[in-house]
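Open the model in your viewer and get ready to select a few residues at a time.

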Amino acid sequence: MRRRVLVTGASGQLAGAIAAAFARDSDVTALARADLDIADDRAVGVAVSAHRPDVVVNCAAYNDVDGAETEPLEALDVNAFAVRGLARAAADAGAVLVHYSSDFVFDGTASRPYVEDDRPNPQGVYAASKLLGEWFALEAGRSVVLRVESLFGAPPGWGGRKGSLGSLVAGIEAGREVPVFVDRTVTPSYVVDVAEATRALLASGTASGVYHCVNAGPCSWHDVAGEIARLLGKPAKLRPITLETVSLRARRPRYSALDSTRLPAAGIGMPTWQDALARYLGAGARPPRA
């Protein structure tokens, strides 16, 4: 029998890639917020009972890092308490829950990439809400939490927020001067690679727990912008900035690169961020491994 997969947050950046990856061998139902508000526990229970999924993949999230500082209840409702409801519904249905978290659960004071066993230390409302969501997701029993970072890539015609990398591409393509952080170290995550890794992880029958799911190799945003310009064949009009020179409501982790020790143990390798970026921009790099 084909596996039944229920995807929440279907209008978001990651969900399209998730639905496409699983559709190759599963029956996928993708629900946007208009179809299912995950903060409504009763509606979640009804939806899970109706669709009888084998896997629930939660792509819904409150992602406005600065907005969370003035809308803490909204951030907590979606990123934490709604996940608790999903976990309970998934457990009642005997389904596996897949939930996505963030590098923001760490404080950014490290000098090397964070691994799964490093101690979280969230520094803002958004960060705390994501960590709480991890804890609630793991209550499902059969659950996988994947920490992703700086997502890029989107379904055709997607009109949502483009993210940091998408904004860099737009600025460089337009020939504008682009401000880029030189003191923030990250590991960007291509949604196509995240989706393939998610599918492979479930197929491996691996244990529940937390996994880092990012493209390999730490880099600064200045590094990313320079590589974008090179791949596009455009002059790099980059204006270096630092965290101290900008006013942001929520604190950003200075060093938030992630490293996965658990995906390789399950036989899953993530391409480098350069490789992923080249594929995203259509530069002809090799496709990801299925």
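Start by selecting what covers the buried residues of H4, which includes H3, strand E4 (96–102), strand E5 (143–148) and strand E10 (209–212). Helices (H or I, at least four residues) and strands (E, at least two) are DSSP runs, numbered from the N terminus. This is a predicted model, where local features need pLDDT of at least 70, side-chain atom pairs count only at pLDDT 80 or more, and totals for chains, interfaces and linings use all residues. Residues are numbered from 1 along each chain as its sequence is written, and side-chain values use heavy atoms, with hydrogens and water left out.

Now colour the buried residues of H4, among them Tyr-126, Leu-131 and Phe-136; buried means under 20% relative accessible area (1.4 Å probe, protein chains only).

Next, show H3 (residues 72–93) beside H4 (residues 125–138): they pack at an angle of about 10°, with axes 8 Å apart. Axes are lines fitted to C-alpha atoms over the stretch in contact, and angles run from 0 to 180 degrees between N-to-C directions. H3 and H4 are therefore roughly parallel (angles under 35 degrees).

Finally, move to the largest nonpolar core, with 50 residues, where Ile-18, Val-57 and Tyr-100 touch the most other members. Such a core is a set of buried Ala, Val, Leu, Ile, Met, Phe, Trp, Tyr and Cys residues joined through side-chain atoms within 4.5 Å. Helix H6 (residues 191–203) gives the most to this core, 6 residues. A second, separate core of 23 residues includes Val-48, Ala-80, Ala-90 and Ala-140.

Technical notes:
Parallel < 35°, antiparallel > 145°, perpendicular 65-115°, else oblique. Contact = heavy atoms within 4.5 Å.
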